[in-house]
Each structure stands twice: as structure tokens, then as C-alpha cells.
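This report describes one protein fold for a reader who is new to structural analysis. Please keep the sequence and the structure in view while reading.

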Amino acid sequence: MVKDKVEFVSLNISVFVISDTRNERSDKSGKVLENHIIKSGHKVFEKKFIQDDKQLITKELKISLNSDLTSVVILTGGTGLTGRDSTPEAVKELIEKEIPGFGEIFRYISYKKIGTSSLQSRAMAGLAKNKFVFVLPGSPSACRDAWEEILKYQLDSRTKPCNLVELIPRLKEK
């Protein structure tokens, strides 16, 4: 997590709150992400509240992925094991390359806090349409941990030895 004298690159980040019950007033996880994104020097390009429905999630994610104005989409919620939880399934349909290390590191961080309950996390990440997509649990604590322990560094162009931002210009290579 060494930072060199590389210039900081501010990214446009979309935040999706996946929930059947949350809205702007009752949302906590999306607000945690918004605050951390802004505090880190990035911009919240858009924030959407989407019902936990696979087709709706896929539809809204496709719209964001087709925009040239955003580089990262972070979805929070809908990652549990119950019948309505469908975020990972929706995202997997659109991901071209998975980033398995994200989920592995996230579960390791969670394990240190909540023990074996961390095995219930279906946090994941991948690339879709040359954009990074991160799927986080819907708890404010999970969003805070994911940002503070992983995303803050990997979405900072100054983080060495490497970071995701420096890959952005090369994502369209064939």
C-alpha cells in the first residue's frame, strides 16, 4: 500500500443499493460508500435504488455499463442466501472476467471480525464492458470494510506495487 509520486486519478463511481425496503432516507450502506468514495477523492456518478430482482438488477447494470462516464460500479445488498437475494447471479451474467481475489480477501477480512459466519458472504468482483464491478453485502460494516481494506487502495492510482486504476487504459486491448 505504498504510495509513490504518481498523480491521483479521480474516478466516476456508480453505487447501486439493492433492496426491497431501502430508500434514500433509510439507506445506510449506500451512504457509507458515498462518503468513503467522496472522502477518497472520487465522484459518485450515480446512485440507484433497485429492487432485489435479477432482471431489474441486470437491466440497470447494463445501462451503467454502457455509459462511458463511469469506470466502476459498486452494488451493495442482495448477496445473501435467501430466495430474494439475486445480485451475484445478475452480475455474473454480465461479467466477462472475474476477479476472484476480491471475494477471497473480503471474506478473510470478514472472518477476522465475524468468524465462520463470513462463509455466507457472496461478495465478488469482475470486469464487464471495461469497467470494474464490485458486489458487496448490504450491511454498512461490510461496505466500510470493503472500502477501507480493499477498494480505497485498489482504486487509488498511487498505490504500489500495482492497482486497478493503472489497468483502465489497457482494458480495451485485444
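## Basis of the report

This is a predicted model, in which local features need pLDDT of at least 70, side-chain atom pairs count only at pLDDT 80 or more, and totals for chains, interfaces and linings use all residues. Residues are numbered from 1 along each chain as its sequence is written, and side-chain values use heavy atoms, with hydrogens and water left out.

## The whole protein

The protein has 5 helices and 8 strands. Helices (H or I, at least four residues) and strands (E, at least two) are DSSP runs, numbered from the N terminus. Along the sequence, these elements follow the pattern β-β-α-β-α-β-α-β-α-β-β-α-β. The radius of gyration is 15 Å, close to the 16 Å that the globule rule gives for 174 residues, so the protein is as compact as a globular protein of that length. That radius is taken over C-alpha atoms, and the globule rule is 2.2 Å times the number of residues to the power 0.38. Taken along the principal axes, the C-alpha atoms fill a box of roughly 45 × 35 × 35 Å.

Buried residues make up 48% of the 174 residues. Buried means under 20% relative accessible area, exposed over 50%, and partly exposed in between (1.4 Å probe, protein chains only). The accessible surface comes to about 9300 Å², and 52% of this surface belongs to carbon and sulfur atoms. Accessible areas come from the Shrake-Rupley method with a 1.4 Å probe; for residues, only the protein chains shown count as cover.

A contact means heavy atoms within 4.5 Å. Among contacts between residues at least 6 apart in sequence, 74% join residues at least 24 apart.

## Helix α2

Helix α2 covers residues 54-65. At 1.5 Å a residue, its 12 residues should span 16 Å, and its end C-alpha atoms are 16 Å apart, which agrees. The expected span is 1.5 Å times one less than the number of residues.

Which residues of α2 are buried? They are I57, T58, E60, L61, S64 and L65. An α-helix has 3.6 residues a turn, so residues three or four places apart point the same way. The buried residues of α2 pack against the strands β2 (12-18), β3 (43-50), β4 (72-76), β6 (124-128) and β7 (131-136), and against helix α3 (87-92). At the start of α2, a side-chain oxygen of D53 reaches to within 3.2 Å of the backbone nitrogen of Q55. This is a polar contact, that is, a pair of N or O atoms within 3.5 Å; within protein, one must be able to donate a hydrogen and the other to accept it, and residues adjacent in sequence count only if both atoms are side-chain atoms.

## Selected residues

The table lists the relative accessible area of several residues.

| Residue | Relative accessible area | Class |
|---|---|---|
| F45 | 33% | partly exposed |
| T79 | 6% | buried |
| C143 | 0% | buried |
| C162 | 43% | partly exposed |
| N163 | 2% | buried |

F45 lies in strand β3. Not counting residues up to four places away in sequence, F45 touches N12, I13, S14, S67, L69 and T70.

T79 is found in the loop between β4 and α3. Leaving aside neighbours within four places in sequence, the contacts of T79 include D85, T87, Q120, V135 and G138.

How many disulfides does the structure hold? There are 0 disulfides, a disulfide being a pair of cysteine sulfur atoms within 2.5 Å.

N163 lies in the segment after β8 (159-160). A polar atom of the N163 side chain lies 2.9 Å from the backbone oxygen of T159, and the side chain of N163 also reaches the backbone nitrogen of V165 at 3.0 Å.

## Backbone features

Most residues other than glycine have a negative phi, and most peptide bonds are trans. P161 is found in the segment after β8, and the peptide bond from K160 to P161 is cis, with omega near 15°. In the loop between β6 and β7, K129 has a positive phi near 50°. N130 is in the loop between β6 and β7 and has a positive phi near 65°. K129 is partly exposed at 43% relative accessibility, and N130 is partly exposed at 31%.
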